[in-house]
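Trainee: I'm new to this one. Could you walk me through how to read it?

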Amino acid sequence: VYELRRKGIPAYTFAQNEVVQRVPTIDRQGRPQERLAKQEDGICVIAGNYTDVENGVAQKTLEYIKKFKPTSWEDQGVFKPTPGRPGPLSGAFLTVNPMMSPEEARQAKVDPLLLKLNSGIEYSLLENPAKYSLIVASFYGNGSTKAQVGTRVLRKSDQAWRNSRLDVAGEEASQLVRVLRARNFNAFVYHERYRSIVTVGMFESPNDPKIAKGYEIFRAKVRHDPLTGRDVLTGENIAAPGNAKTWVFDPNPTLIDVPQFHRNKRIAAN
């Protein structure tokens, strides 16, 4: 820290204690599970104060630090060079300020690509005036329903193939939102880097009782299969008018924080 500060780079230490906890999760079939998560105790050095990872000064500082060799580590056997890590700080990376809460970190992070993908679209989640909404369906780049993507033959290694599949996923999500809206659900669409999601509801608190009602409507349920005679977990689904297409909802709807990008910009402008 002292050496970096002498170079004009604000540097700090950050210590964290060991934490062991059980984290509730679900398997691929939507069944509840628990996993053991462990955080080792340790101490790290953090340098710089930047608004985001795209900041030009942050990028230049990162490159400088990766090549920086602390004199206090010389001849002490602290570091041994390897082909993959030639310098003691060559593994440095940009991260979020650990003193920020998860909520503050989410609100502070503005991804230009996400802004571009979600601006000016119909029923965008960015237009949701509440703090939370419930994810009921997810569409990934490999597609959730069959759809034609032009006449060009694309390979999976082709960037155009990946982009086209993401376009299909986004369109499927938008279509589902319109169907839900026609059935009086407050539905929204949100496009991420690798998927598009459909959310339902406007909630000011994660304890809003309406969340449980929404979860019950859209979650997968155990039903009796007359063909096999067994009870199976089956996802809820909804059909487009005329039954031209059917969408299957996520087995376990999850709560999401509504992105605050636009609202933060308006506050700053005022």
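**Rings, cores and a loop residue**

Mentor: Let's begin with the aromatic rings: ring pairs join Phe185, Phe218 and Phe249 into a cluster. Keep in mind that this is a predicted model.

Trainee: How many aromatic pairs are there by this rule?

Mentor: The count is 3 aromatic pairs. Rings can also have a charge over the face. Arginine 181 lies over the face of phenylalanine 188, 4.9 Å from the ring centre, and arginine 5 lies over that of tyrosine 12, at 5.1 Å.

Trainee: Which residues touch the most other members of the largest nonpolar core?

Mentor: The general idea comes before the case. In soluble globular proteins, nonpolar side chains tend to be buried together. Here the largest nonpolar core has 22 residues, and Val136, Phe139, Leu176, Leu180, Val198 and Phe249 touch the most other members. At least two residues of this core come from each of β5 (132-140), α5 (159-182), β6 (187-191), β7 (195-203) and α6 (209-218). The largest share, 6 residues, is supplied by α5. There is also a second, separate core of 9 residues, with Leu125, Ile135, Tyr190 and Val258 among them.

Trainee: What is valine 136 in contact with, leaving aside neighbours within four places in sequence?

Mentor: Its contacts include Val198, Phe218, Phe249 and Pro253.

Trainee: And where does glutamate 122 lie?

Mentor: Glutamate 122 is in the loop between α4 (112-118) and β5. Its relative accessible area is 47%, so glutamate 122 counts as partly exposed. Beyond its neighbours within four places in sequence, glutamate 122 contacts Arg178 and Val189. Glutamate 122 and arginine 178 are 56 residues apart along the chain, yet their C-alpha atoms are separated by 9.2 Å.

Technical notes:
Residues numbered from 1 in each chain as written. Predicted model: local features only at pLDDT ≥ 70, side-chain atom pairs only at ≥ 80, totals over all residues. Heavy atoms only, no water. Phe/Tyr/Trp six-rings, centres within 6.5 Å; stacked < 30°, edge-to-face > 60°. Lys NZ or Arg CZ within 6 Å of the ring centre and 35° of its normal. Core = buried A, V, L, I, M, F, W, Y, C linked by side-chain atoms within 4.5 Å. Buried < 20%, exposed > 50% of the residue type's maximum accessible area, 1.4 Å probe, protein only. Helix = DSSP H or I, 4+ residues; strand = E, 2+ residues; numbered from the N terminus. Contact = heavy atoms within 4.5 Å.
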